[in-house]
Structures are given as structure tokens and as C-alpha cells.
Amino acid sequence: MTTRTLQILLALLEGPLHGYGIKQQVEARTDGRVRLGSGTLYEAVHRLVEQGSIEEVPAPPDEPSSGGPPRRFYALTPGGRRALAEEIRRLDSLVTYARDRDLLADG
């Protein structure tokens, strides 16, 4: 799983978001280390929808109008949640391996 895909799925863990909301959540959570350009974001979102990891859902009832076309909201599917959990387990095993070999120690 790419970093971009992982970050998008993590952003949707808290609930449905529109594309710009995903971008903001990722950048805030990573302190700006991961930035998603519009083209990159929407290409990834489209691919995740096609794979069945996320799906388009109705906007929350309290969502204010943006003044333009309605925003598209996305949510994790059960399959997306499973893929995310699997990737987190994989990353956890890598971190455990690195810790066991003292690779994360300073200096």
C-alpha cells in the first residue's frame, strides 16, 4: 500500500469526508510532511472507489453549502477497513523488527 493510500484511508477512519477534507486531515495529522495535490488525491480516490476500499456517500445533513457544485463525500467500506488494518499490522511488524535490532535508537 502506498503512503498516499494509507493516509487517505486513515483520514476516513473518523467518518466521511470530501476530497478537500481528506487533504486537510492528512496534512494536519502529518504536520505537513504528506501533501496531496488535487490531481494526486482525486486519482487515488477514484482508484480506491474502483477497488471497493471507499465509497461515495451522501453529504452529512449539517454540511454547509460550498456555493458551488455539491461536494462528494467518501467513507471507508468494510473491505477498506480490513485492508487498512492489514497494512497497519504489516507496518507494526516492521517497527517491531527495527526495535528488536535497536535500529531506532538515536545516534
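**Exercise 1. Determine which residue forms a salt bridge with Arg90, and how the two residues are placed in their helix.**

Solution. In this predicted model, Arg90 forms a salt bridge with Glu87, and the closest N and O atoms are 2.7 Å apart. That separation can be held against the cut-off, which asks for a side-chain nitrogen of Lys or Arg within 4 Å of a carboxyl oxygen of Asp or Glu.

**Exercise 2. Work out how Lys23, Glu27 and Arg35 are linked, and state for each whether it is buried, partly exposed or exposed.**

Solution. Begin with Glu27 and Lys23, whose side chains meet in a salt bridge with an N to O distance of 2.8 Å. Both residues belong to helix H2, where they stand four residues apart, about one turn of the helix. Glu27 also meets the side chain of Arg35 in a salt bridge, here with an N to O distance of 3.6 Å. Taken together, Lys23, Glu27 and Arg35 are linked in a network of salt bridges. For the accessibility step, the cut-offs are under 20% relative accessible area for buried and over 50% for exposed, with partly exposed in between. Glu27 is buried because its relative accessible area is 17%, Lys23 is partly exposed at 21%, and Arg35 is exposed at 62%. The count for the model comes to four salt bridges, among them the pairs of Glu27 with Lys23 and of Arg90 with Glu87.

**Exercise 3. Describe how helices H1 and H4 pack, giving angle, distance between axes and handedness.**

Solution. Two packed helices are described by the angle between their axes and the distance between the axes. Helix H1, residues 3–11, packs with H4 at an angle of about 120 degrees, and their axes are 10 Å apart. That angle makes H1 oblique to H4, since 65 to 115 degrees would count as roughly perpendicular and over 145 as roughly antiparallel. To complete the description, the crossing of H1 and H4 is left-handed.

**Exercise 4. Find where Asp31 and Asp102, each with a positive phi, lie in the chain, and decide whether they are buried or exposed.**

Solution. The background is that most residues other than glycine have a negative phi. Asp31 has a phi near 50 degrees and lies in the loop between helix H2 (19–29) and helix H3 (38–51); with 65% relative accessibility, Asp31 counts as exposed. Asp102 has a phi near 60 degrees and is found in the segment after H4, where Asp102 is likewise exposed, with a relative accessible area of 58%.

Key
Residues are numbered from 1 along each chain as its sequence is written. This is a predicted model: local features need pLDDT of at least 70, side-chain atom pairs count only at pLDDT 80 or more; totals for chains, interfaces and linings use all residues. Side-chain values use heavy atoms; hydrogens and water are left out. Axes are lines fitted to C-alpha atoms, for helices over the stretch in contact, and angles run from 0 to 180 degrees between N-to-C directions. Angles under 35 degrees count as roughly parallel, over 145 as roughly antiparallel, 65 to 115 as roughly perpendicular and the rest as oblique. A crossing is left-handed if the near helix is turned anticlockwise from the far one by less than a right angle, and right-handed if clockwise. Buried means under 20% relative accessible area, exposed over 50%, partly exposed in between (1.4 Å probe, protein chains only).
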